[in-house]
Amino acid sequence: MEPRAVKSNLVLILDYGSQYTHLITRRIRSLSVFSLCISGTSSLKSITDLDPTVIILSGGPHSVHAANAPCFPTGFVEYVESKGVYVLGICYGLQLIVERLGGEVRVGEEQEYGRMEIEVEKSCGLFANKEVGARQVVWMSHGDEAKKLPDGFEVVARSQQGSVAALENRARRFYGLQYHPELMEAPGAWKIAWAVLRRKVIKLTAGRGHWLGSARALTILGKGPWAPAGLPPLPFFSP
Ligand SMILES: NC(=O)CC[C@H](N)C(=O)O
């Protein structure tokens, strides 16, 4: 047990309603990294109090243009940038990043549901270990898509239909995947998608970040609204 390794490596998942959100939490824990899922509309204080290293914005059924589209709180972007927190948006999460940082999301001409091939356009950042032109089958589930990226962002992969499949702004530590890496049906999708967590973000060496039973994990799980009084904390997922 290395409580210090856990302390600086919380992956916080902001939930926007995807049926796969808790699977993201579980996948991260299976990497021996402490992850916690809270509502995507949580206050800034609830987020900053947890002091995450990485924040994952989940997928969700809404369109970012809908009247009540859920979003991260005011001050979120300033907070993550001032603290150097890495942000990874998945599907709706990617669309939130694009829309709220000055890009444009629109209803896609070709909606993408199910298996889809993507092609790497930039061999860096998310896909640092992949050749340009490398292809990968992934799982998509979206109707909207990123049409114009915010300044400083670049497309790093596209789907076979030409839509943005992955984007990043390495300087600002924002990353986005239009597909669902937490669904492992597509061979290899998981591995390449989490490269950012494994190699660049968490930087845990094998076994040293194991969070099970750590003081920080137990304190957080025991005190939050996710652990109702009288009930044991969230079940621990074993790898
Ligand atoms: N899976 C998702 O997160 C979907 C995002 C959005 N609702 C869309 O259809 O594009």
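Biologist: What covers the buried residues of α5?
Modeller: In this predicted model, the cover over the buried residues of α5 includes β3 (54–57), β4 (86–90), β5 (104–120), β6, β8 (164–169) and β9 (174–177).

Biologist: And which residues of α5 are buried?
Modeller: Tyr92, Gly93, Leu94, Gln95, Leu96, Ile97 and Val98 are buried in α5. Because seven of the nine residues of this helix are buried, α5 is largely enclosed by the rest of the structure.

Biologist: What follows α5?
Modeller: Glycine 102 follows α5, and its phi is positive, near 105 degrees.

Biologist: Turning to the ligand, which residues surround it?
Modeller: The ligand is surrounded by Gly59, Gly60, Pro61, His62, Cys91, Tyr92, Gln95, Ser141, His142, Gly143, Asp144 and His180. By class, three residues of this shell are nonpolar, eight are polar and one is charged.

Biologist: Which element gives the largest share of that shell?
Modeller: β6 does, with four residues. Both α5 (92–100) and β6 (135–148) supply at least two residues each.

Biologist: Which atoms of glutamine 95 and glycine 143 lie by an oxygen atom of the ligand?
Modeller: For glutamine 95, a polar side-chain atom lies 3.1 Å from an oxygen atom of the ligand. For glycine 143, a backbone N or O atom lies 2.9 Å from an oxygen atom of the ligand.

Biologist: What lies 2.6 Å from a nitrogen atom of the ligand?
Modeller: That is a backbone N or O atom of histidine 62. As for overall cover, the ligand on its own has 290 Å² of accessible area, and the protein covers 89% of that.

Technical notes:
Residues are numbered from 1 along each chain as its sequence is written. This is a predicted model: local features need pLDDT of at least 70, side-chain atom pairs count only at pLDDT 80 or more; totals for chains, interfaces and linings use all residues. Side-chain values use heavy atoms; hydrogens and water are left out. A residue is near a molecule or strand if one of its heavy atoms lies within 4 Å of it. A polar contact is a pair of N or O atoms within 3.5 Å; within protein, one must be able to donate a hydrogen and the other to accept it, and residues adjacent in sequence count only if both atoms are side-chain atoms. Accessible areas come from the Shrake-Rupley method with a 1.4 Å probe; for residues, only the protein chains shown count as cover. Ala, Val, Leu, Ile, Met, Phe, Trp, Tyr, Cys and Pro count as nonpolar, Asp, Glu, Lys and Arg as charged, and the others, Gly among them, as polar. Buried means under 20% relative accessible area, exposed over 50%, partly exposed in between (1.4 Å probe, protein chains only). Contact means heavy atoms within 4.5 Å.
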